[in-house]
Amino acid sequence: MSTTLYQQIQEFYDTSSGLWEQVWGEHMHHGYYGADGKQQKERRQAQIDLIEEVLNWSGVRDAENILDVGCGIGGSSLYLAEKFNAKSTGITLSPVQAARATQRAAEANLSASSQFQVANAQEMPFADNSFDLVWSLESGEHMPDKTKFLQECYRVLKPGGTLIMVTWCHRPTDQSPLTPDEQRHLQDIYRVYCLPYVISLPEYEAIAHQLPLNNIRTTDWSTAVAPFWNVVIDSAFTPQAFLGLIFSGWTTIQGALSLGLMRRGYERGLIRFGLLRGKK
């Protein structure tokens, strides 16, 4: 990961995470609105439902030692640690996020089982075969080398363990390549959200086969999560959020003003929400 990209991602989350938690809560990811995307529900509940639906889809019923790659402020890590009575470790590039996640673990009386640290997901500071569940919820899009990222996830996964990756993708390109307009749309998203690039779900599946993961399963939940962006847009311009944006700096303001990029990306079928599960 280049130093510039590392610093951009760190700055983005250092400056925006406090506002996100203040306005939207501890879960820094999409919500699940039913397979058809039409279920009406409170946004935080939709985010918890996403975690549960991913677990159900992946067939994971228990875990003892969990790695949360791109842990944010510990939303998924702490939820999974409590659900499975498991040990959890979260890594992030943001010192602000790691500190807040550690604080939240203490508030939830989970400090003994949950730890958080600043680490690069492409060079993880863990021994081979360390975790029986590697969980990556909306962090793969930040990785500049998707193959290296998945290789690291595979390396630290125990034999018999499960890798679950949920990530932003672009549409498959086997039938037609991305158009110049689609490429410009993606470049705008990359610039705002500090992404090097995204790939299609079939490309992720091909990497997974090369590792080689077993029992690979993939699915596209774009329809189920797309309503999330309408909810975020509606809540971004409340007085509370507006004041928070003013004090969060230009990077966060730019992200808020560009929320429509993601909504339009889903509407035109360009942005996809991909899931991949495999076992070692």
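In this predicted model, Val 134 stands opposite Leu 163, a residue of strand β5. On another pairing, Leu 67 is the residue that stands opposite Val 134 in β4. Strand β4, which spans residues 131-137, is mostly covered, since six of its seven residues are buried. With strand β5 (residues 157-170) it runs parallel, and six bridges join the two, while its pairing with strand β1 (residues 65-69) is also in the parallel sense and extends over three bridges. To get from β4 to β5 the chain passes through helix α5, made of residues 146-156, and the β-α-β crossover formed in this way is right-handed.

Helix α5 also takes part in a contact between charged side chains. Arg 155 and Asp 128 meet through their side chains in a salt bridge, with 2.7 Å from N to O. Because Arg 155 lies in helix α5 and Asp 128 in the loop between β3 (114-118) and β4, the pair ties together parts of the chain that are 27 residues apart in sequence. Arg 155 has a relative accessibility of 22% and so counts as partly exposed, and Asp 128, at 47%, likewise counts as partly exposed. The two residues belong, together with Glu 152, to a network of salt bridges.

The structure holds eleven salt bridges, and two of them involve Asp 181. One is formed with Arg 184, where the closest N and O atoms are 3.7 Å apart; both of these residues lie in helix α6 (residues 180-193), three residues apart, which is about one turn of the helix. The other is formed with Arg 268, and here the closest N and O atoms are 2.7 Å apart. This second pair links distant parts of the chain, for Arg 268 lies in the loop between α12 (259-267) and β7 (271-279), 87 residues away from Asp 181 in helix α6. Asp 181 is partly exposed at 37% relative accessibility, and Arg 268 is partly exposed as well, with a relative accessible area of 38%.

A further residue to look at is Thr 92, which lies in strand β2 (residues 87-92). Its relative accessible area is 6%, so Thr 92 is buried. The side chain of Thr 92 is joined to that of Gln 97 by a polar contact of 2.7 Å. Leaving aside residues up to four places away in sequence, Thr 92 touches Cys 71, Gln 97, Ala 98, Gln 117, Val 118 and Ala 119.

How values were computed. Residues numbered from 1 in each chain as written. Predicted model: local features only at pLDDT ≥ 70, side-chain atom pairs only at ≥ 80, totals over all residues. Heavy atoms only, no water. Helix = DSSP H or I, 4+ residues; strand = E, 2+ residues; numbered from the N terminus. Buried < 20%, exposed > 50% of the residue type's maximum accessible area, 1.4 Å probe, protein only. Polar contact = N/O pair within 3.5 Å; in protein donor to acceptor, adjacent residues only side chain to side chain. Contact = heavy atoms within 4.5 Å. Pairing = 2+ DSSP bridges. Right-handed = clockwise from strand over helix to strand, strands pointing away. Salt bridge = Lys/Arg side-chain N within 4 Å of Asp/Glu carboxyl O.
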